[in-house]
Structures are given as structure tokens and as C-alpha cells.
Amino acid sequence: TINLDSKLVDYVMGSGNHARTYLHRNADGTLTELPLAWYGENGGTWALNPGFDNPAPPTRHTISYGCMFCHDGYPQAPRNPGDSIAHPVYVGDLPQGIDCQRCHGPGEAHVKAARLPGAPPGQVRSTILNPARLDNERQMEVCMQCHLEVTSFHLPDHIQRYDQQPFGYTPDKPLTSFFQYFQRDLRGKPDPLFDIDGAAYRLRQSQCFLRSNGALTCERCHDPHKPHQEAEAERHYVDACLSCHASDLTSLISEHKHTSQTNCIECHMPKRRTDDVVHVAMTDHLIQRFAGPAVARLTPKKEFTETTANSYRGEVKPYRIGAFVSADDDLYTATAQVLHDSNSGNGIARLTKLIATRHPTQPEFMIELGDAYHRAGQTSKAIDAYRDAVRIDPHSLRARRSLGAALAENGNLDQALKELGGALQDYPDEPLLWYEIGRVHARQKQIGRASCRERV
């Protein structure tokens with residue numbers, strides 16, 4: 001035994017239809033994903049969570065706001081999340097699952113109106129969003145807030161717009177006013193990777209969807225208020241297919257161009273083992289003709305571990321949904337090139353030029369540029385970018401911590417302590433700041449000061 005640890009399971013994430021993940025809540029309000037998971041396949045099995053079943057598993061996996069966004073209602077987060085990428089804090093008790101407002105928006109006014117004696121039904125309905133009254137495109141967006149994942153591998157697949165709070169999306173506004181989405185440069189070919197949460201992404205590549213002119217929405221097959229189960233689900237989904245293809249199927253069978261098999265789903269939307277969560281098999285929503293035996297699609301896989309050598313390297317392209325366009329879209333696209341180093345060689349220059357000409361008011365653009373320069377070994381340019389971010393927002397924890405760390409790495413130890421100490425005025429109990437200060441003292445050979453902090 002090398003290391004032994006014991007953590008209380010405070011929350012269970014997931015319905016159990018496919019998997020359950022177990023979370024531990026830390027004293028500082030962060031959540032840690034525990035390594036062991038439960039998977040629903042074959043009556044239920046235990047295996048490791050994604051990311052843990054490889055030669056160098058993480059010792060801790062923090063649950064980000066992005067993870068929680070799709071797996072719960074609207075948890076409370078600090079109004080100014082600070083360094084939320086590395087330190088996502090949850091305030092108070094978490095909601096116990098997805099609730100009505102994820103699809104219908106805030107419901108307080110609706111409840112009050114419904115409780116008024118003799119309130120006209122029309123008045124009650126007007127106080128809540130009903131997605132059924134939206135056009136097809138916007139209906140899809142309500143679903144896609146959680147069911148559109150272009151990829152779970154490094155790219156990134158989306159960026160939350162920097163002027164939005166972590167759980168600030170409401171379904172009364174376009175989805176792309178909250179997220180901007182991206183994809184690999186596939187040169188017009190279908191995406192070969194199959195991700196666990198890629199249902200909408202796969203569906204939108206299907207000819208059935210493309211030729212429907214927007215009529216094929218998620219609700220055509222799925223009732224969000226009453227999920228269909230087993231045999232009932234099969235009949236329901238086949239009926240949805242035949243609502244468009246009944247005459248086509250009859251003709252094909254009579255011409256011996258189709259078998260007598262009429263279970264459309266089994267052949268054209270089969271279950272496949274996912275590439276990112278290898279212990280789960282999901283329905284592939286890319287409607288197509290599949291070749292080869294079905295058993296091959298369910299063959300067990302080994303977990304794929306991304307490295308700098310095998311990660312995607314190339315252009316990160318905008319993935320367009322809806323009609324919403326922002327003046328900052330090109331800035332986000334340039335930022336996407338450098339976030340996971342997918343296209344940093346080209347992206348750093350693009351982002352630098354855009355920042356210089358557009359002068360964005362969100363510090364995150366400069367922080368991501370600074371991080372890209374830092375990873376590229378250009379520490380002086382990273383420091384300049386971080387300074388620009390601090391000028392825009394002197395209270396940005398992430399900007400000031402990054403600036404202090406870069407100054408220390410560049411040998412400017414007194415300046416580093418000044419920046420980190422200034423950040424402590426806003427965040428006196430932030431452990432990441434004290435960690436960086438300790439590293440500076442260690443560089444100064446002041447080991448006693450580096451190892452002593454009674455309040456942390």
C-alpha cells in the first residue's frame with residue numbers, strides 16, 4: 001500500500017441509467033470526484049471514473065462549474081467566482097437534481113400567479129416560459145444547453161462568454177449568447193469520435209435532420225416530462241421514424257431493398273461504446289447505415305489517455321448553431337486556438353493582434369493569452385498580458401495570481417510578492433495565493449516563511 005485515503009460520499013451525480021459518480025464536499029466548498037464509479041451496463045458494475053484508469057491518474061479531480069452546469073439545478077456560486085477554473089466553490093446546499101427552471105426559466109412569478117384566487121389561465125401562463133411556444137431552433141437550444149457536447153477531449157468544445165455568471169443561462173435567451181461552441185477541422189467528414197453527451201451534435205450531422213429544415217427536434221422522439229422505457233421506448237422511437245419514412249420503408253421492402261426488420265433504431269441508431277467513457281454504451285444519434293456486426297460496436301475499450309503527442313493539433317473552428325452573433329465572436333475563436341494548445345502556433349499571434357486592435361473589456365482574453373505565452377516559454381510576454389488583465393480588473397484573482405507567479409519565475413521576486421500581497425487584500429484566505437507566496441519565499445531561501453501560514 002502506497003497511499004490510503006478515505007472520503008465521505010456527500011453527493012451522487014447521475015441518474016443511474018448509465019452511470020453514477022460519487023462526490024465528496026471539502027471544507028472550502030469545493031467538490032472532489034471520487035475515483036470509483038457505478039455503471040449500469042450488465043446489471044451494474046464497479047469501475048473507475050474517466051481519467052483515473054491510466055498510468056498516471058489524478059490524485060484529485062475537482063468538479064468544475066462546467067461539470068455541475070449539466071448535472072444539477074442552479075447551485076449557488078460566489079458572485080465573483082475569482083479563480084473558478086482551479087477553485088470552483090459551491091455556496092450552501094446543492095439542489096437535489098435538475099429542476100423545472102432549467103427548461104422553463106425562473107418560476108417564482110409563476111408560482112405566485114398560480115396561487116392568486118381566480119387568476120386567468122392566460123395570465124398564469126404568461127409568467128413562465130413554455131419551450132413548446134418557441135420556434136424549432138430555440139426549442140433545440142433549450143435541450144442543447146446540456147446535451148450538446150462537440151467533444152469531451154481537449155479542444156475546447158465551448159467557451160462560456162466571459163460576461164456571464166457560471167449558472168446564469170436561462171432558456172429565454174439564445175444559447176450562443178451564453179456559450180460559443182467549437183469543433184475540430186473535419187474537412188466536411190463526420191466526426192469519428194463518439195462521446196457520451198454528443199446526442200445533439202451527432203443528430204445535427206444526420207441527413208434526416210439536415211433535410212427536415214428544422215422539423216426534427218429532440219421533442220420529436222423524447223418527452224422531457226415522461227422518459228420512455230424499454231419496449232414502450234422502442235415502439236415510440238420507431239413510430240417517430242415512420243412518421244416520415246413509412247411509405248419509403250414499404251416501397252423498399254416490396255422491392256427487396258430492405259429486410260422485413262422494422263426496428264429502425266436497432267440498425268440506424270444502434271448503441272455504441274463511447275470513446276470518452278469506455279464503460280458506457282449510448283445510442284448513436286447520427287442516423288446512418290451501419291456496417292459490420294453489432295457486437296463489434298459494444299466491444300470493451302481501454303481508456304484513451306490524452307497527451308501532448310496524441311491530442312488534436314489544428315484549427316479550432318466555430319460550431320454554428322442559431323442566429324445569434326456577437327461582435328466578440330472572433331476574439332473567442334482566437335482564444336479557442338490557444339486554450340488547450342490545439343493551434344497555439346497560429347492562435348497566439350491572432351489573439352495578440354485582436355486584443356491590440358479591439359481592446360476587449362474582459363480580462364479573461366488577456367489571461368488566456370498570458371497562459372499561452374507562459375506555456376510557450378515566453379515569460380516576459382506573459383507578464384505583459386497579465387498586467388493588461390490586471391489593469392482591466394485589479395480585483396481579478398486569476399490575473400493577479402498568474403502575474404505574481406510569472407514575475408517570480410522571471411526572477412522578479414520583490415515584484416511578485418507585491419502583486420500577490422496586493423491580491424491578498426481582496427482574498428485574504430485564498431490558499432492558492434498563499435501557495436504562490438510560499439514558492440516565492442522558497443526561491444528567496446526563506447524556508448521558514450515559505451512553510452508557515454497559521455490561518456491556512
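Helices (H or I, at least four residues) and strands (E, at least two) are DSSP runs, numbered from the N terminus. The structure is a predicted model, in which local features need pLDDT of at least 70, side-chain atom pairs count only at pLDDT 80 or more, and totals for chains, interfaces and linings use all residues. Residues are numbered from 1 along each chain as its sequence is written, and side-chain values use heavy atoms, with hydrogens and water left out.

**Backbone features in loops**

Lys445 is found in the loop between H16 and helix H17 (447–450). His359 is found in the loop between helix H11 (344–358) and helix H12 (363–375). Each has a positive phi without being a glycine, as listed for His359 and for Lys445.

| Residue | Phi | Relative accessibility |
|---|---|---|
| His359 | about 50° | 60% |
| Lys445 | near 65° | 69% |

His359 counts as exposed, and Lys445 likewise counts as exposed; the term means over 50% relative accessible area, whereas buried means under 20% and partly exposed lies in between (1.4 Å probe, protein chains only). A further loop, between helix H5 (136–147) and strand S5 (158–160), holds Pro156. The peptide bond that leads from Leu155 to Pro156 is cis, with omega near 10°.

**Helix packing**

Helix H14 (residues 397–409) packs with H15 at an angle of about 165°, their axes being 8 Å apart. Helix H15 (residues 413–426) in turn packs with helix H16 (residues 431–443) at about 160°, with 10 Å between the axes. Axes are lines fitted to C-alpha atoms, for helices over the stretch in contact, and angles run from 0 to 180 degrees between N-to-C directions. H15 is therefore roughly antiparallel to H16, and H14 and H15 are also roughly antiparallel to each other. Angles over 145 degrees count as roughly antiparallel, under 35 as roughly parallel, 65 to 115 as roughly perpendicular and the rest as oblique. The crossing of H14 and H15 is left-handed, and H15 passes H16 in a left-handed crossing. A crossing is left-handed if the near helix is turned anticlockwise from the far one by less than a right angle, and right-handed if clockwise.

**A buried and a partly exposed residue**

Tyr201, in helix H6 (residues 199–203), is buried because its relative accessible area is 2%. Between Tyr201 and Thr45 there are 156 residues in sequence and 28 Å in space, C-alpha to C-alpha. Leu36 lies in strand S3 (residues 31–39) and is partly exposed, at a relative accessible area of 42%.
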